[in-house]
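Please keep the sequence and the 3D view at hand while reading.

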Amino acid sequence: MSKQPADPREQEEWGLETRLVHGGGLRSAFGETSEALFLTQSYIYASAEEAEERFKSEGGFIYSRYANPTVAMFEERMRLLEGAGAARATATGMAAVSASLLCFLKAGDHIVAARALFGSCRYVVEDLCPRFGITSTLIDGGDLSAWERAVRPNTRAFFCETPANPTLYRVDIRAVSEIAHGAGAVVVVDNVFATPLLQKPLELGADVVVYSTTKHVDGQGRCLGGVVLGSQAYVKDHLHNFLKHTGPSLSPFNAWVMLKGLETLPLRVRGQCETAAIVADHLAGRTDVTRVLFCGRSDHPQAALAKRQMSGPGQVVTFEIAGGKPAAFRFLNALRLIRLSNNLGDAKSLITHPATTTHQRLKPEARAELGISEGMLRLSVGLETPGDLIADIDRALAASRI
Ligand SMILES: *Cc1c(COP(=O)(O)O)cnc(C)c1O
């Protein structure tokens with residue numbers, strides 16, 4: 001490597017957009033403009049002594065399960081974006097979620113989690129952890145007294161997703177972090193829906209933030225990826241060894257795609273938020289739409305909390321149409337531009353019917369508890385021309401009434 005752009009302290013002073021374009025860059029001897037893709041498993045040592053030294057110090061690169069230059073660039077750019085002490089990338093968002101918890105919990109510990117969780121996160125907390133003696137209590141994350149009541153002497157972690165999929169239900173990160181810290185627990189926040197731009201869990205008091213970078217960071221529907229961000233001590237004492245020895249490493253190729261995705265993240269998220277606000281207002285004005293849930297609207301039951309802890313509305317609009325599942329299905333099948341997919345954060349607008357897809361696994365009572373109705377649809381707004389999305393929605397609403 002030659003001509004490193006700037007030292008990390010200088011990079012921390014850069015504005016957001018600059019950090020996302022240049023942050024963490026490692027330029028090779030060829031002086032390439034675009035970050036290099038180091039598609040290599042291992043690294044060659046000039047001598048036996050150098051190999052011995054590198055293993056001893058763990059400095060430099062040894063094997064790409066532990067560290068890789070392209071992955072390191074992505075981790076550092078994410079660290080600069082989040083303002084965290086350290087970051088580690090993983091193969092998927094779920095690898096990030098499970099590693100963030102399993103790296104420091106042990107049998108006998110207890111987790112308190114908000115029950116409005118991404119399906120697989122709920123599996124990790126509700127089914128997987130208890131198999132290894134880590135018990136869990138799922139609560140209503142919007143109710144501060146429920147967090148307090150769930151604390152036990154062995155509670156070591158609080159876990160939540162906010163805003164949560166698909167109802168955009170919110171958890172007060174600052175208040176919940178205070179309760180957790182009073183109980184000696186670590187707060188882990190899944191910040192996917194807010195994106196790293198619109199909500200800063202670490203500044204609000206959380207200890208660890210996780211992302212599925214599959215979503216907005218890639219933002220163009222290509223690669224799976226994840227990242228865990230926290231203090232240097234958390235990464236050094238717990239996360240690093242867990243990842244190194246269990247191996248859910250991010251592929252250098254996927255890291256490279258994510259790294260380039262970060263360069264345009266603010267432009268994309270800003271554009272998506274603006275279009276989502278237009279779409280949400282349009283839906284709210286329709287009499288055949290019975291409910292609109294959007295973080296930017298003042299009619300959301302937790303509007304004040306969104307205002308306090310988020311700097312933008314996000315790009316997911318959840319709404320409910322009259323006529324339950326049959327009408328929802330007619331609506332979906334009449335769409336011509338908005339695509340049916342359970343993914344989100346893509347440049348393409350994507351829509352899903354949570355009750356029969358992402359939340360199908362839950363019993364009807366559990367869905368009702370989360371406020372997921374049969375006529376509910378979750379729309380991830382993309383980067384299309386707003387008028388085209390609205391025309392597609394209006395055409396599908398007309399078809400849903402037949
Ligand atoms: C998608 C998602 C995940 C899982 O991420 P993968 O990259 O699909 O493994 C976790 N949490 C939330 C909130 C998500 O939206």
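The domain bounds used here come from an automatic or database domain assignment. The model is a predicted one, and its chain is divided into domain 1, which covers residues 8–261, and domain 2, which covers residues 264–400. Taken over C-alpha atoms, the centres of domain 1 and domain 2 are separated by 27 Å, and the contact takes 43 residues from domain 1 and 43 residues from domain 2.

Rolling a probe the size of a water molecule over the atoms shows where empty space is left. The second largest pocket holds about 230 Å³ of space, and of the 16 residues that line this pocket, those closest to its centre are Thr167, Tyr169, Glu369, Leu370 and Gly371. The lining of the second largest pocket draws on both parts of the chain, since at least three of its residues come from each of domain 1 (8–261) and domain 2 (264–400). Sorted by class, this lining consists of six nonpolar, six polar and four charged residues.

The largest pocket, for its part, contains about 900 Å³ of space. Its lining is made up of 39 residues, of which Phe61, Ala67, Ala72, Glu75 and Arg88 are the closest to the centre. Two or more lining residues come from each of α1 (8–13), α4 (69–82), β1 (86–90) and α10 (232–246), and the element that gives the most to the lining of the largest pocket is α4, with six residues. When the lining of the largest pocket is divided by class, 19 residues are nonpolar, 12 are polar and eight are charged.

Helix α4 also takes part in a helix packing. It packs with helix α11 (residues 252–284) at an angle of about 35 degrees, the two axes being 8 Å apart, and the crossing of α4 and α11 is left-handed. On the α4 side the contact is made by Thr70, Val71, Met73, Phe74, Arg77, Met78 and Leu81, while α11 contributes Pro252, Ala255, Trp256, Met258, Leu259, Leu262, Glu263 and Leu265. The contact of α4 with α11 has 12 nonpolar residues, one polar residue and two charged residues.

The axes of helix α5 (residues 93–102) and helix α6 (residues 119–131) come within 10 Å and cross at roughly 35 degrees, and here α5 passes α6 in a right-handed crossing. Met94, Val97, Ser98, Leu101 and Leu102 in α5 meet Ser120, Cys121, Val124, Val125, Leu128 and Cys129 in α6. By class, the residues of the contact of α5 with α6 comprise nine nonpolar and two polar residues, with no charged residue.

Most residues other than glycine have a negative phi, and most peptide bonds are trans. What kind of peptide bond joins threonine 162 and proline 163? The bond between threonine 162 and proline 163 is cis, with omega at about -10 degrees, and proline 163 has its place in the loop between β4 (155–161) and α8 (173–182). Another cis peptide bond joins asparagine 165 and proline 166, with an omega of about -5 degrees, and proline 166 is likewise found in the loop between β4 and α8. Leucine 168, although it is not a glycine, has a positive phi of about 60 degrees, and leucine 168 too is found in the loop between β4 and α8.

Note on methods
Residues are numbered from 1 along each chain as its sequence is written. This is a predicted model: local features need pLDDT of at least 70, side-chain atom pairs count only at pLDDT 80 or more; totals for chains, interfaces and linings use all residues. Side-chain values use heavy atoms; hydrogens and water are left out. On a 1 Å grid over the protein atoms alone, a cavity is a set of points where a 1.4 Å probe fits but cannot get out, and a pocket is an open set with protein on both sides within 12 Å along at least five of seven lines; lining residues have an atom within 4 Å of a point. Grid points are joined across faces, edges and corners, and a volume is the space filled by probe spheres set on the points. Helices (H or I, at least four residues) and strands (E, at least two) are DSSP runs, numbered from the N terminus. Ala, Val, Leu, Ile, Met, Phe, Trp, Tyr, Cys and Pro count as nonpolar, Asp, Glu, Lys and Arg as charged, and the others, Gly among them, as polar. Axes are lines fitted to C-alpha atoms, for helices over the stretch in contact, and angles run from 0 to 180 degrees between N-to-C directions. A crossing is left-handed if the near helix is turned anticlockwise from the far one by less than a right angle, and right-handed if clockwise. Contact means heavy atoms within 4.5 Å.
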